[in-house]
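I opened my notebook to see what I could look up here. Here are my entries, in the order I wrote them.

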Amino acid sequence: MILMMHKDARLGGDFMWRQAYKNAANSNINTIWMAQFDEVDEGTAIMKVTKTDDGHPVDGKFLALDADGKSLPNDWYLRLCGEAQKMLVGDMALSSNIPIQP
């Protein structure tokens, strides 16, 4: 069962990547604010987070990377931000698909 404490599913990074692509494709945008660095309660944290539900503290509300059924490295969202930066500044072609593998 997927526990969603936030209204938007992360979809293993697809949700964030769609937003990055949409904004990078707009020639009037030169800066993108990706997400809060430490939103561990929403599962959108960019900082390294735990991969599985059994790896986070028992007190508080935390969402692990496997909450949406994906097996991802704990730095996945950091890596996606790096790729989005490359796309935004033109170091890689615009891509509606995530260009890296977990």
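Before anything else, I wrote down what I mean by contact: heavy atoms within 4.5 Å. I also noted that this is a predicted model.

**Entry: Lys70**

I started with Lys70, which is found in the loop between helix 1 and helix 2. Which residues does Lys70 touch, leaving aside its neighbours within four places in sequence? I found Leu11, Gly12 and Leu65.

**Entry: Pro73**

I stayed in the loop between helix 1 and helix 2, because Pro73 lies there too. Pro73 has 19% relative accessibility, so I counted it as buried; the cut-off is under 20%. What does Pro73 contact once its neighbours within four places in sequence are left aside? My list reads Lys51, Leu65, Arg79 and Pro102. I also jotted down that Pro73 is 25 residues from Lys48 in sequence, with 8.6 Å between the two in space, C-alpha to C-alpha.

**Entry: the two helices**

Then I turned to helix 1 (residues 14-24) and helix 2 (residues 76-89). They pack at an angle of about 15°, and their axes are 10 Å apart. That angle makes helix 1 roughly parallel to helix 2, since angles under 35 degrees count that way. I noted the crossing as right-handed.

Which residues make the contact? From helix 1 I wrote down Met16, Trp17, Ala20, Tyr21 and Ala24. From helix 2 I got Tyr77, Leu80, Cys81, Glu83, Ala84, Met87 and Leu88. I sorted the residues of this contact into 11 nonpolar, no polar and 1 charged.

**Entry: Glu83**

I wanted a look at Glu83, which lies in helix 2 and counts as charged. Is Glu83 buried or exposed? I wrote buried, because its relative accessibility is 13%. The Glu83 side chain makes a polar contact with the side chain of Lys86, at 3.0 Å. Leaving aside neighbours within four places in sequence, I found Glu83 in contact with Trp17, Met92, Pro99 and Ile100.

Key
Residues numbered from 1 in each chain as written. Predicted model: local features only at pLDDT ≥ 70, side-chain atom pairs only at ≥ 80, totals over all residues. Heavy atoms only, no water. Axes fitted to C-alpha atoms, helices over the stretch in contact; angles between N-to-C directions. Helix = DSSP H or I, 4+ residues; strand = E, 2+ residues; numbered from the N terminus. Parallel < 35°, antiparallel > 145°, perpendicular 65-115°, else oblique. Left-handed = near helix turned anticlockwise from the far one by under 90°. Buried < 20%, exposed > 50% of the residue type's maximum accessible area, 1.4 Å probe, protein only. Polar contact = N/O pair within 3.5 Å; in protein donor to acceptor, adjacent residues only side chain to side chain.
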